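Welcome! Take a look at the model first, and then read on.

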Amino acid sequence: MKSVFDDENRLIQAICNQEIVKSDRDAAAKLSRKVTRKIYSPGDIILNQQHCTDEMYFILRGKLAVQVNERTIAYRSYGQAVGEMCLVDVGGGRSATLTVHEESELARIEAADFIDIADNHHPLLWKNIAQ
């Protein structure tokens, strides 16, 4: 399936609009070169509670359900990142399961790539995560 984010400028703008990036176009451009995009269907599980993984996702479109102990406690949508705690608690288990609520396109970035960009080029990304 073709995505509007196949266009590099649209992808950079979508990442630029993420809460963590806070309109920093240079950071968005660097991050966009490291992400892998995928379209998910309702019911797909993105992350499992207690599993140890080391990636974060930017929600480019769609809606995800955040579930703790099989109970939905919140929803996340465009402009929000999920899985960002793996950047702070490396090797820790996931605190929630993330399930696709409506068709979604996510941009996945490995923790090592995000850490490299934040540490070496855009340290304000860390502050944005903490807020």
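Contact here means heavy atoms within 4.5 Å. Helices (H or I, at least four residues) and strands (E, at least two) are DSSP runs, numbered from the N terminus. Please keep in mind that this is a predicted model, in which local features need pLDDT of at least 70, side-chain atom pairs count only at pLDDT 80 or more, and totals for chains, interfaces and linings use all residues. Residues are numbered from 1 along each chain as its sequence is written, and side-chain values use heavy atoms, with hydrogens and water left out.

Let us begin with helix α1. Its buried residues (buried means under 20% relative accessible area, with a 1.4 Å probe and protein chains only) are Leu11, Ile12, Ala14, Ile15 and Cys16. These buried residues of α1 pack against α2, β1 (36-40) and β3.

How are two packed helices described? By the angle between their axes and the distance between the axes. Axes are lines fitted to C-alpha atoms, for helices over the stretch in contact, and angles run from 0 to 180 degrees between N-to-C directions. Helix α1 (residues 8-16) and helix α2 (residues 25-32) pack at about 120 degrees, and their axes are 8 Å apart. The two helices are therefore oblique to each other; angles under 35 degrees count as roughly parallel, over 145 as roughly antiparallel, 65 to 115 as roughly perpendicular and the rest as oblique. On the α1 side, the contact is made by Asn9, Leu11, Ile12, Gln13, Ile15 and Cys16, and on the α2 side by Arg25, Ala28, Ala29, Leu31 and Ser32.

Now turn to strand β3 (residues 55-68). Of its 14 residues, 11 are buried, so β3 is largely enclosed by the rest of the structure. Two strands pair if DSSP finds at least two bridges between them.

| Partner of β3 | Bridges and direction |
|---|---|
| β4 (residues 71-77) | 6 bridges, antiparallel |
| β5 (residues 81-82) | 2 bridges, antiparallel |
| β6 (residues 97-110) | 11 bridges, antiparallel |

Which residues face each other across these pairs? Phe58 has Ala107 of β6 as its bridge partner, while Tyr57 is bridged to Val82 in β5. Towards β4, Val66 stands opposite Ala74 and Val68 opposite Arg71. β3 and β4 form a hairpin with 2 residues between them, and in the turn Asn69 has a positive phi of about 50 degrees.

Definitions and conventions
Buried < 20%, exposed > 50% of the residue type's maximum accessible area, 1.4 Å probe, protein only.
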